[in-house]
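Reader: Can we go through this one together? I'd like to start with a single residue and then look at where two chains meet.

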Amino acid sequence: MADAVLTLRPPLIEGDKSIAQVTHDVCAPMEARPSRLWWLALAASSSLLLLGVLAIGYQVAVGVGTWGLNRTIGWAFDITNFVFWIGIGHAGTLISAILFLFRQRWRTSVNRAAEAMTIFAVMCAGIFPIIHTGRPWFAYWLFPYPNTRGSLWVNFRSPLVWDCFAISTYFTVSAMFWFIGLLPDLATIRDRATAKWRRTLAGILSLGWNGSYRAWQRYEVVYLMLAGLGTPLVISVHTIVSWDFATSVLPGWHATLFPPYFVAGAIFSGMAMVLTLMIIARKLMRLEDYITLRHIDRMAKLVILTSCIVGLSYATEFFIALYSGSSYEQFVFLNRALGPMFWAYWTMVSCNLLIPQLLWFRRIRAYVPAVFVISIFVNIGMWFERFVIIVTSLSRDFLPSNWFHYAPTRIEIATLLGSFGLFFTLFLLFCRFVPVIAVAEVKGVLKYGRPHAEAIHE
Amino acid sequence: MSKRLFVGVFENEQDTLKAVRASRQRGFKIVDVYAPYAVHGLEEAMGLGPSRLPWIVFALGLLGAGLKVWFEFWTTAIDWPVNVGGKPFNSLPAFVPVTFEVMVLFAAVGAVLSFFFVCRLFPGKSTVLPVSRVTDDRFAIVLEETDSRFEASEVQRIFEGLYAVHLEEQIAAEVD
Amino acid sequence: MSSGNKHYWKALEEKEGGPEFLKDAARDLVERGPRHFGRRDFLKAAGFTVGTAFATGCRRAPLQKAIPLLSQPEEIVPGRCLFYASTCGGCSAGCGLLAKVRDGRPIKLEGNPEHPFSNGGLCATGQASILGLYDSQRLQHPLKQGNKISRDAADREILARLASIRSQHGAVRFLTGTITSPSVLAALEEVLKSLPDARHVVYDPVSNSALLDAYAQTHGTRLLPRFHFESAGVIASFDADFLGTWISPVEYTAAYRAGRNLEERRVSYHVQFEPRMSVTGTKADQRFAVAPGDFGVLLTHLTGLVAKRAGISLNWAEPDASPVPMSFLEGLAEQLWHARGRSLVLCGSQAIEEQVLANYLNHLLGSYGTTIDLERPSLQMQGNDQDLESLVRELHAGKVHALFVYGVNPAFDLPGGDELRGVLSRVPLLVSFSQRMDETAFLAGYVLPEPHFLESWNDTEAVNGVASISQPTVHPFGETRSLLETLSAWNGKSKSGYELLRESWRARVFPRQKKESNFDAFWDRSVHDGYTEVEAAVFKTKPFDLRAVQPILRSSAALDKFALVLYPTVSMLDGRNAYNPWLHELPDPISKVTWDNYASLSPAAAKKLGVNNGDVIHLDASRTGLRTLELPAYIQPGQHDRVVGVALGYGSKLSARFAKVGPQWIDALLSVGDNGLVGQNVASYLELKNGVLHYSSTQVTLSRTGKQRELACTQIHNTLTVPEHLRPGGSGARPIVQETTLAAFLKDPQSGVEDDEEKEDLWPTDHPYTGPRWGMVIDLNACTGCSSCVIACQIENNIPVVGRDEVRRNREMHWMRIDRYYSESDHGQVDVAHQPLMCQQCENAPCETVCPVLATVHSEDGLNQQVYNRCVGTRYCANNCPYKGRRFNWFNYSHDDQLQNLVLNPDVTVRSRGVMEKCTFCVQRIQEAKIEAKRRGEKVVDGAAQTACQQSCPAHAIYFGDLNDPSSRVSKMMQNPRRYRVLEELNVRPAVGYLTVVRNRDQESKEEQHG
């Protein structure tokens, strides 16, 4: 019987909490004044955000020429950042949906934050497809809307159109998923709120939730539905993103391996980012009891797994290229490893393949600072993976007369930093104003690994 | 019309479950149970039937997919056929990804909206709690005092036997 | 927006309240704010100029009488183009051209297909010279000491000065470039006669004086013979860049091409000896890098070998060792001798004795009367450096009282630098006829600006017996006056150029022909055709004078130093085009560098010095009185190891205007160097001595400066082979340019062509091409890389100039580019292949599939269309283009110069920022042809639709037409066994085919030589 098994395990939540305590632990920090640390973090991230806004403003006003692109290399930082952020955005849904379907109870204390991360990451990602166009004010033309220009539709054969649908669907569904999960907790906030504004606001948002079990039953069903839909969705989204490249004719882009390769990469980078954020959040919001070493340990294991999948993909790519007999393919890959941009390639390999292997050691997994540093490395490595795929392939393609090199401008770098600014600003605000832990769910798993509840009354 | 309700408040899910089972054995009419989180096994205890939401979602998903396939075919092959890269006007395989996304979108949005609809959840709805703290750490069973079978004293005995922390009778307008 | 302060140059007239025309035009155009120059504005401008055209038509006879080639002048239909036959004034070659006039405003120059020697081709500079007409810094009024002065006042004062000079027998000198106009020469003669001590001194900044002097020695007459490449079987050229810049490149290219016709199996054998890689060198079947000092010895050796075969024993002493393997020379001598009467020896050197040897070779080989015509010689490049030298001496001695400078810029293009400038400024009466405020005009007391050749009547006899007319196509913008009118005015008969020219032709040209008895008929036909063939003036030449022939036994090449070779580029020539942004941005046919001149070094020399492209090196000339020169290095394969080459014509005052050309933003760099000019002037390194202007006599030592100046180069990888360490196996050579040798070709015409079977298609094809289907074939064997197609495309399609910094960032906008690849050749030399590349209009276009908004789609006549106003600019199409034929508008490129905007082609949209663009196969021309055919009620005939690049190509290397019409030339060419497609294996099915390069060699082609 399930409970029996569970009693053998250590508890998911440390420090023998009562239900009321859980509510308190999560909601109290939101009602208290923010810490100085939080203010510092917010100041830093929002100034980055400002920098990004200025950079984008200038670029939109003057032209894409303010980036380091040229007639050979039409995409570089822009699409690299886009794919990078979309990738980050995958871990949230993975944790909340896939782990939910696999009944991984430990997800409960991290899924809320992970989902938030997803939404913010997708926001960051969404910026780039818009600003990378020559005429951003016409970006909406990518959607098929009824218009008075006679018969005028979009090209449903273009992966960019697929992207539009994929990204917007993904954003909508993750947002709904997040909100549904949030609903009971909003009710909790509402009912314990002392400040009037908080009560009214939570009152409106909680849609009059009152914990009626008839609602709880359907709630469970809907949650399951969304998880069920979210799982194929998350895979489809990065598959489609990878098709941006895979459907082209460019050596180094045109590879059937890309969908699984990209999805694995996305989960990999997402997990790393979740680790980064969780480790920050548990410090910032004093949630060590909820986000325990076991959580970190499990996510670290997922990182190793995906790291190995990604590594395998690198190897496969190379092998297939050499095996293909196409001199263009062969050249592109040798050029990645040994060409003028070899440094980018080897940064990618060492950050994504070599460094994560440290996580095989339990001692390292148990040492939070180490895990934190490794997760940072993985983030860097995954950014470079996209950079390598996009830029090295473009910079030396079929006709040698077209070969050229690429260097980013100040504007591009500022834009990248700006996207990080946006991401962390949103995340910090989230930490302040929304329960970072899914209170209702945690209450549900409190009893796991505890002596049976009757004991209380003896 | 108004009802006389009997509310029992409990501290943890096991007691609540037991109380619910007991009440049903004795054939008391359980109006509803309130809990701070989804207590597993409660639906059997209360004897609620399975939800029909999955079917709605399935139907909506099909609808979305169907509409999208038709739309893509209509725009590229009928309304505005143009030669794009030598591909045929109706490039069905290229339509698959978007179709899938739209299917998911319809299904997901449909699921959420219909959930709100059947649970009567909407912004600005005035919340009615049987007793306070049911969204924090209290579990409440609401029985309806209807026919002769209902005996407050007995209910009281059973519930107190199950460590009910608080019992009360309410006269309430429709509570759902 | 930073583009707000963008200017190609500041319009002087704005400051000085310039001519009404400008103001009106500007007012009309500026209203809607400077940057948005929409269709409506265009029509306004057009309307305005049409007005001018009519108005002037009434006022002045000439425009009334001008007879367009295609239709009657009365019916000037707005929106329809008229073509006026005229003569190119770009250089002294005098090619025939058709000026395309739209709404009273010339918008493009094209070669005149019927012209006897230019045969429809027109070089890059010739075509680009139309921009000079709309140059807002062109002088519009006579100036005195830099201030405006009325024409009559100027005349009065100058004539008064001349009168006083005449009275005191002062020396008057006319210093001009080659004048090919008989009428002007006659008028000038009259002026000279009226003065006691007056002389006409002719020099060409890019001089061929030695060639003419040699003929004076060997044939007793100083003349420039006419070379007949078409009938030459073996061509041995000693540093004569006859396909690039030598004398009359368009004429020679057409003839050379005619002599290399693979379809008729008539292929000349061309050997080139030259110190640096020239356009001609790239086409040679065998090419040798020879130091300038070694040519004498080389010629002596060859002469000896040929003489032996002629059975003549010249008992000459043993010369130094030949710089070229004797075995090869033996072979060459054999070939030449075997092709007696069909062989041609050319010498571009400025050493008379070398020229004499070349003449002797031609004499031995019986070239005179067959491949070289002395009876009907060319009248181009008549410069006489001896006269020039003596004039300079006179000037230094202060003996010249009045100097009139026309068509040249001595203060810029002659050696002597500041010293000469000082001397010139001390001439009591210095008058310049320059169109612009160039270095000489700057010193001149009076400037009487010459009108643009599209504004005035003139005539040309560039080749004895071919007289051509240039007629105005628009009323002069300012108060300018042609030299003909000016001189006649000074001769006391001030008439319109039109009347003067008619008189002159009645007197001089009409009598030389029999066809027409009535002068008016003759005149009308000549004006209509733009030229007329008349009896050649008699040139008496003496029999070959053997006494002139002397062997050159000793090499003068210094072993410790570098020979500085100064050469003209196809764009700048002698610097006359320094005002022209198009030509500054035109990549050099060989180095592909734009917006700069540089010091080219052979790879070995660069290695020895330890310099790379862009490292600034220091050139230290042994001669005194030379300012030291620092230039960025450029590594040039195929150049001699002891030669450093630098282009002439750069560093002109006229290029100062380009500082801020192109988009201006936070990271933008200036287009000029530290001197505020484009490139540096190296004229002071020329040597004017012993009656010859020397271009390669200066010896320099080179040293690194440690400074850097990145060159704006449009191609940075120069071979078709991938680097050694990046190829898993095989040669690593890519079959982009496919080539073979003549021997192999004769065995199997398809040799060298990669097999190209049609690939299976995954999709069912929904798109049968029922109507016409446009396609193109480019003969790589004919293409010389001269780049006139690039300029043609730029003018036809309103392609913006983006400036040095943007080119450096690999963002040039040319729709048509010419890729240039080097490969190893025999004798350790290099082969070069040129490959014109534009959008390949693929049938299965990868760019179309990926465009999200259907901004690029396929038309039912097979065109890959780009819809500018639908494009959002994702650049996905460009990424997915295997040929990278697409160009993106990174910024709003400035169209602020309202006068210059008048050159824009109304049929082509001016693209805005953020949209993709590319070659359209000149869809506007196709449409015009279709409409015309429709009007006539017939289908489009082959050749009715011509692309701009095809039309201008002097080598006729481009075929264009309907692939669905089996009888069209292009379909026939598609069937040519030499035809292949680039990247066939991708199955994108390009509509552009290429014909293999076939080098006239014996040995079997090494497969894919390129590497």
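**A serine and an interface**

Author: In this predicted model, a polar atom of the Ser652(C) side chain lies 2.9 Å from the backbone nitrogen of Leu654(C). Residues are numbered from 1 along each chain as its sequence is written, and chains are lettered from A in the order in which they are written. Local features need pLDDT of at least 70, side-chain atom pairs count only at pLDDT 80 or more, totals for chains, interfaces and linings use all residues, and side-chain values use heavy atoms, without hydrogens and water.

Reader: Is Ser652(C) buried or exposed?

Author: Buried (under 20% relative accessible area, 1.4 Å probe, protein chains only). The value for Ser652(C) is 2%.

Reader: Where in chain C is Ser652(C) found?

Author: In the loop between strand E27 (643-647) and strand E28 (687-689). Strands are DSSP runs of E, at least two residues, numbered from the N terminus.

Reader: And which residues is Ser652(C) in contact with?

Author: Leaving aside neighbours within four places in sequence, Phe412(C), Glu439(C), Ala578(C) and Leu677(C). Contact means heavy atoms within 4.5 Å.

Reader: New topic. How many residues of chain C are in contact with chain B?

Author: 13, and they meet 12 residues of chain B. In chain C, Trp763(C), His767(C) and Leu854(C) lose the most area to chain B, together 51% of what that side buries.

Reader: How many salt bridges does the rule find there?

Author: 0 across the interface of chain C and chain B. A salt bridge needs a side-chain nitrogen of Lys or Arg within 4 Å of a carboxyl oxygen of Asp or Glu.

Conventions
Helix = DSSP H or I, 4+ residues; strand = E, 2+ residues; numbered from the N terminus. Buried < 20%, exposed > 50% of the residue type's maximum accessible area, 1.4 Å probe, protein only. Polar contact = N/O pair within 3.5 Å; in protein donor to acceptor, adjacent residues only side chain to side chain. Buried area = accessible area lost by both parts, 1.4 Å probe.
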